Amino acid sequence: MTIPTAKTIDGGGKTLTFSNVGQNLVLLGDGSELKNININNTAMTESWNSTYGVQCYNGTYTFSNIKASGGNAGILVKGATVTLGENIDVSGNHFGGIEVSKGKAAGLSDAKLIITSPITNTTEVYGQPTVWIDGEGATVEDSTGMTQNSEVKEGQVQYYIDAENAVKPEESGEEGQ
């Protein structure tokens, strides 16, 4: 579902369910606001196939009271500026919560994610961060104190709510066998 013009979308606490891989809710309207909605994807997303609950391109967007789950990531900020307000939950996505990237297509602006309130991600683990920057031309302004790690994957800066998740777990196994 693509929303091509600026809109305020108030989901009234309802759930919007998608069962396909790839693009789901795509916002293209500069100045749009998305609030009070749960976005769930029920498609198989164990391999990377660019499945996101919400995708934002070129422009400025504001989110509050959003849950985005079931995709490769819950939210994609691509060539856009997104401000996250209260009650953002990106738990239950296979690769992490929010990807921020400029992208390589012609005409995309730099990407920026502004985090003004704590994000919820109960499924965050090492290598599956709450937020990550992919490539150049993207920034994150985080006022919540997440822990950054730029050594997990080349070309990415990953942000973790729980500082322990930003550290690679020690290999398990018994010595001397």
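Q: How many salt bridges are counted here, and what makes a pair of side chains one of them?
A: The count comes to four salt bridges, the rule being that a side-chain nitrogen of Lys or Arg lies within 4 Å of a carboxyl oxygen of Asp or Glu. Side chains of opposite charge can pair when their charged atoms come close. The model is a predicted one, in which local features need pLDDT of at least 70 and side-chain atom pairs pLDDT 80 or more, while totals for chains, interfaces and linings use all residues. Residues are numbered from 1 along each chain as its sequence is written, and side-chain values use heavy atoms, with hydrogens and water left out.

Q: Why is the pair Asp89 and Lys67 called a salt bridge?
A: The closest N and O atoms of Asp89 and Lys67 are 3.5 Å apart, which is within the 4 Å limit, so the pair qualifies. Asp89 lies in strand 7 (residues 88–89) and Lys67 in strand 5 (residues 52–69), so the bridge ties together parts 22 residues apart in sequence. Strands here are DSSP runs of E with at least two residues, and helices are runs of H or I with at least four, numbered from the N terminus.

Q: What else does Asp110 touch, and where is its place in the chain?
A: Asp110 sits in the loop between strand 8 (98–101) and strand 9. Taking contact as heavy atoms within 4.5 Å, and not counting residues up to four places away in sequence, Asp110 touches Gly79, Ala80, Lys102 and Gly137.

Q: Why is the pair Trp48 and Tyr52 called edge-to-face?
A: Rings of Phe, Tyr and Trp (its six-membered ring) pair if their centres lie within 6.5 Å; planes under 30 degrees apart count as stacked, over 60 as edge-to-face and the rest as tilted. A search of the whole structure finds two aromatic pairs. In one of them, Trp48 and Tyr52 have centres 6.0 Å apart and planes at 80°, so both conditions hold. Trp48 is partly exposed at 39%, whereas Tyr52 is buried at 4%.

Q: What makes Trp48 and Phe95 an aromatic pair, and which residues form the cluster?
A: The centres of Trp48 and Phe95 are 5.0 Å apart and the planes are at 85°, so this pair is edge-to-face as well. Trp48 lies in the loop between strand 4 (32–41) and strand 5, and Phe95 in the loop between strand 7 and strand 8, 47 residues apart. Phe95 is partly exposed at 27%. Trp48, Tyr52 and Phe95 form one aromatic cluster.

Q: How do you know that strand 14 pairs with strand 11 and strand 13?
A: Two strands pair if DSSP finds at least two bridges between them. Strand 11 (residues 131–134) and strand 14 are joined over four bridges in the antiparallel sense, with Gln156 as the partner of Asp134. Strand 13 (residues 147–149) and strand 14 are antiparallel over three bridges, and Gln148 stands opposite Tyr159.

Q: Why is strand 14 described as mostly covered?
A: Four of the five residues of strand 14 (residues 156–160) are buried.

Terms used:
Buried < 20%, exposed > 50% of the residue type's maximum accessible area, 1.4 Å probe, protein only.
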